[in-house]
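Visitor: I would like to learn how to read strand pairing and helix packing. Please take me through it step by step.

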Amino acid sequence: MSTHTRTSRLTVPQLVAMKGRQKIVSLTAYSSAIAQVIDPLVDFILVGDSTAMVGYGRPSTLGMRLDETIAHTRAVVDSTRLACVIADMPFGSYQESHEQAFRNCAQVLASTGCDALKLEANQALASTVEFLVARGIPIMAHIGLMPQFVNAMGGYKAQGLSPDSAAALRADAQANLHAGAFSLLLEGVAEPVARAITQASHKPTIGIGASPACDGQVLVTEDLLGLGGDHVPRFVKQYADVGQVIREACARYADEVRDGAFPALHHCYGA
Ligand code: KIV
């Protein structure tokens, strides 16, 4: 099994130093149970705003609230000791002004103990990234398919397929690197564009539906476990059918309860 030999939590500079040396492994976690299991296996855990869809059954990530981000991130930080923890800033919590972004980012960082934050940041938001980085907040800039722009995009659409879209993506990458982002997350980006951005970047790129040339990959944990419901993107490889395991175990339980086969008290507590 691919565990690492770390004995303390990976820091942001250590994550950045992995570029060109070792591929970076990442998964999402929103709960203590998943975070504990993946902590020794991954380099960073993303407390994604996909919590809104995967954890709460909402139709998009737009409804994620700041207090929810704080609660889930704190649960993940408190349940882990090895992986770097990065929290995703929810829609509406950083786009209004530099000051609003700083206030909310500082609150998440200070009240959860996470290591860094992720913003969906095109060129227009690069000045916000610069403002935050200058004030001590490490930022991963998410470009390409940005789910918080779902209404503007008219759906979830791969990016970088046309020459204009590829040029816009390269400009988004450059602007965020110039602003001081410690990493770029490339979601739904055409392979040659993701490859070119990775080669031109001195900071690690993390792909999700992008290119194996990226410096690492992040996936939504539930998607690779067969718990992603109807939202699993086509590029995700399913490594297990945990949904089926849960179904079979719960069906056995239901049968036993209906048969009256409850454990006696001394079986539960060893009395
Ligand atoms: O919210 C999330 O889980 C994400 C990943 C899909 C990259 O942003």
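Guide: Start with a term. Two strands pair if DSSP finds at least two bridges between them. Helices (H or I, at least four residues) and strands (E, at least two) are DSSP runs, numbered from the N terminus. In strand 8, isoleucine 206 has glycine 216 as its bridge partner. This is a predicted model, where local features need pLDDT of at least 70, side-chain atom pairs count only at pLDDT 80 or more, and totals for chains, interfaces and linings use all residues. Residues are numbered from 1 along each chain as its sequence is written, and side-chain values use heavy atoms, with hydrogens and water left out.

Visitor: In which sense do strand 7 and strand 8 pair, parallel or antiparallel?

Guide: Strands of a sheet pair through backbone hydrogen bonds, in either sense. Here strand 7 (residues 205-208) and strand 8 pair in the parallel sense, over 2 bridges. Strand 8 (residues 216-219) also pairs with strand 1 (residues 24-28), parallel, over 4 bridges. There, serine 26 has valine 218 as its bridge partner.

Visitor: What do the strands form, and in what order do they run?

Guide: A closed barrel of 8 strands, running 1-2-3-4-5-6-7-8 with parallel pairing. The twist from one strand to the next averages 25 degrees. Take strand 5 (residues 139-144) and strand 6 (residues 183-187): 5 bridges join them. Glycine 144 stands opposite glutamate 187 of strand 6.

Visitor: How is the packing of two helices described?

Guide: By the angle between their axes and the distance between the axes. Axes are lines fitted to C-alpha atoms, for helices over the stretch in contact, and angles run from 0 to 180 degrees between N-to-C directions. Helix 4 (residues 66-78) and helix 5 (residues 98-112) pack at about 30 degrees, with axes 9 Å apart. So helix 4 is roughly parallel (an angle under 35 degrees) to helix 5.

Visitor: Which residues of helix 4 and helix 5 make the contact?

Guide: Contact means heavy atoms within 4.5 Å. Helix 4 contributes Leu66, Ile70, Thr73, Arg74 and Val77. Helix 5 contributes Asn104, Gln107, Val108, Ser111 and Thr112.

Visitor: At what angle do helix 6 and helix 8 pack?

Guide: Helix 6 (residues 126-134) and helix 8 (residues 163-179) pack at about 20 degrees, with axes 8 Å apart. That makes helix 6 roughly parallel to helix 8. Ala126, Val129, Glu130 and Val133 of helix 6 meet Ala175, Asn176 and Ala179 of helix 8.

Methods: Angles under 35 degrees count as roughly parallel, over 145 as roughly antiparallel, 65 to 115 as roughly perpendicular and the rest as oblique.
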